[in-house]
Amino acid sequence: MTEPIQITTKLAGNPSQEPQFKTFVKSKEGRQIPVADPKATRALVSLMDMNAVLGGAASHYGGPAALAELMSALHGHVFDVAAQEKKQWHDLFHLINDAGHCENGLYALKANYQMAGLTIESLKKFRSIESGLTGHGEVHCFPAGVFISNGPLGSAFPQTQGVAMGEALSGRQRVTITTISDGACMEGEAKEAFAAIPGLAQKGMMGPYVLLVSDNNTKLSGRIDQESFSMTPTFNSLKDLGWNVISLPEGNNLQKCYDAIVTAIEQAKANPKVPVVIHAKTIKGIGTKKTAESASGGHGFPLKSPSELPAFLGEIYGGETLPAVYGTWIEELVKWETELKANAVKDTGEKIQTGVSAAMVRARKAGLPVLSVTSDLPGSTGVAGFRKEFPQDSFDVGIAESNMVSTAAGLSKLGYIPVVDTFAQFGVTKGALPLTMGALSEAPVIAIFSHTGFQDAADGASHQALSYMAMVSSIPHVDVYSLSCSEEADALVFAAIENFAKDRKAGKVPNSSIFFLGRENFPKTYVNGASYDLKKAQILADTTAGKAKAVTVATTGSLVPQALLAAKELEAQGVGAIVVNCACVNHVDTATLKAVLEKTQGLLVTVEDHQILGGFGQMLTHALLQSQVSFKVKSLGVHGEFGQSAYTAQDLYRKHEIDALAIVKNATLFFHN
């Protein structure tokens, strides 16, 4: 037995009271066990989601709705056992959630118990920059309620292997209980854990282990078996892999969930050499007919206005009288909506994704063999338009980003032009090795990786790609671009596809092209009649005429609007500015930058929604130094920190000082000496 270093837990202990909104399950001994009412969980999730929606953030209803009974039963049993044994629950169990988009259901449950510092009131700031209740469960933001951070599907489950191994190694034998969705089970990391856990357990190397699988055959883009392939063979294989499988066909029946969980924990404790999995068939979006029947199971939150909430919550409660606290919350939301409408400014921008789809469609219609290979997020990345027009040239490999890139590499070897897509964070973390191997195999791809930097504001740190340029820019034969508007996306993505085809036809191996882009709306273009070139930086503004003081502001992608706003403010202060948009980040257009810097006495500000270390600023300034360009620089970026949830990226730009005000502040410092 190897004794570990003792770490004081940050997790909150046992709740001091029963749930405010409760129901009961019956124990084997006939006792009535109070548990959180699943209807209340769904209602509270709906209310907190509405707060997020009004704030400008996306949110999720379907997943936490599906898990409401399982989570109520699990926590009710765990807290009951802890009370009987007169111990803190975390001294007996590890509870880990790998259904990351369902974390809001756990926030609602904890607030119902008034534990971990949560109350109904604290739910109202969900996903805002003022709250630790981030879009996905994150230890650095909510240590009292999250043991292992989640977010990218299938990322927490593998870590629990080590947790359970540590329990066996130390002899403590706490029960590790992990919750995962069927979509997350498609990830490679999850499938590795499916095989490793029973294999290691058989050798006596694992503590008691229970896995809860919520299987509703639904992912973001629709039904799993229709959009990609059935997961039934995977779940059928668990028994052969060595799992003790408990089938729970009624995963939204509270008492049956409780009974299955109690049995699973008993069996896991009795024989830690055989891990237990509860295969629960759930209904994503259960609670309302519309969400339960929708193709995506009400993955996001379906309501646009709080005025729709009374009917929505009424259906969840089956016509019962709603608790008064819900009505008060709805009144607050209606008042907030009225204020927002009164102060609304029309958004004239559009998604950069529009240009991506247009370029792909145009290239395919031109006869180029463009294929779409996706992993569940085409509606978010911009390729959905192409997939709708060319379904025969579109493939969904499931929620498996590494597999997506590898599949595309294989298609590339046969002469196709494969376009892969996902969020930037998943594309660079899970796609880096396949991109490298694709380059080694002379099998280039084109990648569309969206939601860069803080652009995925609401989902929080796990989804915010703050190292995206650093992770892929040094891979040989890979060109990295950061897009700032839909017109630029249309021009550059099409040019990359066209060049890919030309090189192939000439017997050359093209480079892979990775295009990064944001999530929010941006102007369609920044300069009327602009020209776009894969190799050339773009001068978007020049206010240096007649100014004794001037600076160059070099940026890329989503921070272009902030740089342009800064240029206007600097001009108002009598300082000229040249704003340079560097779309190609790992092959710097030093000629354009050199000419611009000569006009601004070598004064340069770089700004990016990325870690300073290894980012755009470092690549640009190093290239300039290598070209023996003389300059002074102030680089703005993120300084070795994770992000957090916020309603909009602007909140995070301001906090990390990469917004227009920060650019102005740093630019004017050049002239304070």
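**Figure 1. Strand β11 is tucked away inside.** All five of the five residues in strand β11 (residues 370-374) are buried, so the strand is largely enclosed by the rest of the structure. "Buried" here means under 20% relative accessible area, with exposed over 50% and partly exposed in between (1.4 Å probe, protein chains only). Strands (E, at least two residues) and helices (H or I, at least four) are DSSP runs, numbered from the N terminus. This is a predicted model, in which local features need pLDDT of at least 70 and side-chain atom pairs count only at pLDDT 80 or more, while totals for chains, interfaces and linings use all residues. Residues are numbered from 1 along each chain as its sequence is written, and side-chain values use heavy atoms, leaving out hydrogens and water. Both faces of β11 are covered: Val 370, Ser 372 and Thr 374 are buried on one side, Leu 371 and Val 373 on the other.

**Figure 2. Meet the partners of β11.** Two strands pair if DSSP finds at least two bridges between them. With strand β13 (residues 417-423), β11 pairs in the parallel sense over five bridges, and Thr 374 has Asp 421 of β13 as its bridge partner. Strand β12 (residues 394-396) also runs parallel to β11, joined by three bridges. Look for Val 373 opposite Phe 395 in β12.

**Figure 3. Five strands make an open, mixed sheet.** The order is β18-β20-β19-β21-β22, and the pairing is mixed. At the edges stand β18 (538-542) and β22 (632-638), each with a single partner strand, so one side of each has no neighbour in the sheet. From one strand to the next, the twist averages 20 degrees. Strand β21 (residues 603-611) and β22 run parallel, joined by six bridges; Gln 611 has Val 638 in β22 as its bridge partner. Helix α20 (residues 560-572) packs on the sheet, touching β18, β19 (549-555) and β20 (575-581), and its direction makes about 165 degrees with that of β20. Helix α24 (residues 660-668) packs on the sheet too, touching β19, β21 and β22, at about 155 degrees to the direction of β22. Contact means heavy atoms within 4.5 Å; axes are lines fitted to C-alpha atoms (for helices, over the stretch in contact), with angles from 0 to 180 degrees between N-to-C directions.

**Figure 4. Phe 516 shows up in two ring pairs.** Rings of Phe, Tyr and Trp (its six-membered ring) pair if their centres lie within 6.5 Å; planes under 30 degrees apart count as stacked, over 60 as edge-to-face and the rest as tilted. By this rule the count comes to 17 aromatic pairs. Phe 449 and Phe 516 have ring centres 6.0 Å apart and planes at 50 degrees, so this pair is tilted. The pair links distant parts of the chain: Phe 449 is in strand β14 (residues 446-450) and Phe 516 in strand β16 (residues 512-517), 67 residues apart. The Tyr 468 and Phe 516 rings have centres 4.7 Å apart and planes at 65 degrees, so they are edge-to-face. Tyr 468 is buried, and so is Phe 516.

Figure 5. A disulfide is a pair of cysteine sulfur atoms within 2.5 Å, and the count comes to zero. Cys 485 is in no disulfide, as the nearest cysteine sulfur, that of Cys 582, is 14 Å away. For Cys 582, the closest cysteine sulfur is in Cys 584, 9.4 Å away and too far for a bond.
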